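Work through the exercises below with the sequence and the model open beside you, and try each task before you read its solution.

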Amino acid sequence: MGAHQNSPDSSLEKADHYDPDTIRSDAEYDDQSVQCPAHTTQRKLVTQIDLRVIPVLSILYLLAFLDRTNIANAAVFGLKDDLKLESNEYNNCLTIFFVPYILFEIPSNILLKKLKPHVWLSACMFLFGFVTICQGLVHSYGGLLATRFFLGVAETGMFPGSFYLIGMWYKRSEAQRRFSFFFGSTSLAGAFGGLLASAIGKMNGMRGYLGWRWIFILEGVLTCLVSFVFFFIIPSFPEDAKWLSEEERAYVKSRLRMDQGRNAVERAIGVKDVVNVFKDFKIFVGGFMYFGLIVPAYGYAFFAPGIIRSYGYTAIGTQLHSVPPWACAFVFAMIIAFFSDKMKHRFAFTLIPIFVAISGFGILLTVHSKPHIQYAALFLVAMGSYSAMPVIVCWFNMNLGGHHRRAVGSAWQIGFGNIGGIIATLYVSTEIAQTKQVDLHNKRI
C-alpha cells in the first residue's frame, strides 16, 4: 500500500481509457490511491452501483427462492393429499430438484459470461416462473416430479451467477454487506412466502382449483412478468455497463484491479481454465464450507412450515407464524455483515452465527413438550444458518481473482454445497418423523 500512496498517478496510468490529464490539487483518492473522476466521489459512485446492482439481483433471487421452496407452503394447503403422495414421494420431489441444480452450475456461469447477465439471468427467470406455473397444473406424482426436475434446470444459474456478478463490482472490504443483503433475499422470500401463501390460500376452491395450486400459479405468473422487465435492467459487468460514463467505468476497473488483480475479461473460459481452477486445493475447501451449512438451511426452509403446523396451528396460522423467524434472520445477517466489513474480518463472523444455530438445534433435540420454546429455537436456527452462509460465500468468492476463477469457483462452491440439499430432503425429514413419534409417545405417557 505504501508504494501506491507515494505515487498515486502510477495506478491511474494503467486504467483503460482513463487519462487523468493533470493531477488536480482538489482530486479525491480512494483508500487505494486511485483518483476518482472529477465530477463524482467514490462514495457517490459506489452508492450508484449499489442502487443499480443489489436491489435487482435481490428481487431476482427472492423470486427464485420463493418458487423453489413454496412447495412447503403448498404442502400445508393439501398438495400431498390432493396428489395422494406418500411421504417418500414428496421427499423425492424435493430431492430431484437438486440433481440438475448441482450438475449445471459451472456451465451456467460460463454461459452467463458469454451471453451477458441480462440475457442469461432473465431467460432463466422466465423459465423457472413458467415451470412453477406448471407445478400448479399437475395431477400426479410423476407430473410433480418432472416439474421439480426442470425447475432445478432453470434455477441453476441464479445463485452462483448473482454472486459472481456482485463480486465483479466490489472490493473485498465492501463486499460482505452486499453479499448478505442479497443473500437476505432468501430470508425475505421465506417471510414473504408465508404471508403470500396465507393470502393465496384463501382462494381455495376458486375456479375449481385448490389453494395449493393457486400458490404455484400466481407466484409463477409474477416471476414471468418480472423477467420481461429485468431483461432491460439486470446489470452487466463493469466493463460493459452502459449506465456508467467512460471515466466511471475506467475508475471502477482501476480500483478493482488494485484490490483483486487483473480479471482477464477479454478471454473466453475454456476447459483448460476450468481444470486450472481445480488445481488449487482451497477450491475444494470452499465447497465443503458451504456444504456444511446447506443441510440445516434447507432443512429449515423445506420443513419449518410442517414443524410449526405440528404445534397445533391452522394452515393460515402456520403460514403467519413462519414469517417472524425469517424476518429476524435477515436483520441478524445484516448486523453480522456490518461488523464483518467494518473489521475486515470473516472467520469469527462465521463462527458466531454457527454457534447460534447450534444452540437452536440443541433446544430442538432436547425439548419435546413445550411448543413455545421449540418455536423460539426455530428463530435461532434460521438466524444462525442464514447469517453464516453469506459470510462463507463472500469470504470464498472475494478471494478468487479474475473472471475465470470466480466464475468457476463460485459455481463449484454453490453446486457442491447443494449436495447438502439432497441430504436435507432425505435425512432431515426422517429425523422429523422420528421426533414426532417420540413426542406422541411422551404425550401418551
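Buried means under 20% relative accessible area, exposed over 50%, and partly exposed in between, with a 1.4 Å probe and protein chains only. This is a predicted model, in which local features need pLDDT of at least 70 and side-chain atom pairs count only at pLDDT 80 or more, while totals for chains, interfaces and linings use all residues. Residues are numbered from 1 along each chain as its sequence is written, and side-chain values use heavy atoms, leaving out hydrogens and water.

**Exercise 1.** Decide whether Phe379 is buried or exposed.

*Solution.* Phe379 has a relative accessibility of 17%, so it counts as buried. Tyr375, at 13%, is buried as well.

**Exercise 2.** Classify the aromatic pair of Tyr375 and Phe379.

*Solution.* First recall the rule: rings of Phe, Tyr and Trp (its six-membered ring) pair if their centres lie within 6.5 Å, and planes under 30 degrees apart count as stacked, over 60 as edge-to-face and the rest as tilted. Next, the centres of Tyr375 and Phe379 are 5.2 Å apart with 85° between the planes, which makes the pair edge-to-face. Finally, both residues belong to helix 19 (residues 371–397), where four residues, or about one helical turn, separate them; helices here are DSSP runs (H or I, at least four residues), numbered from the N terminus.

**Exercise 3.** Find out which residues Arg213 contacts beyond its neighbours within four places in sequence.

*Solution.* Contact means heavy atoms within 4.5 Å. With those neighbours left aside, Arg213 touches Asp82, Leu83, Gly136, Leu137, Val138 and His139. Arg213 itself lies in helix 12 (residues 211–233) and is buried, at 6% relative accessibility.

Key:
Helix = DSSP H or I, 4+ residues; strand = E, 2+ residues; numbered from the N terminus.
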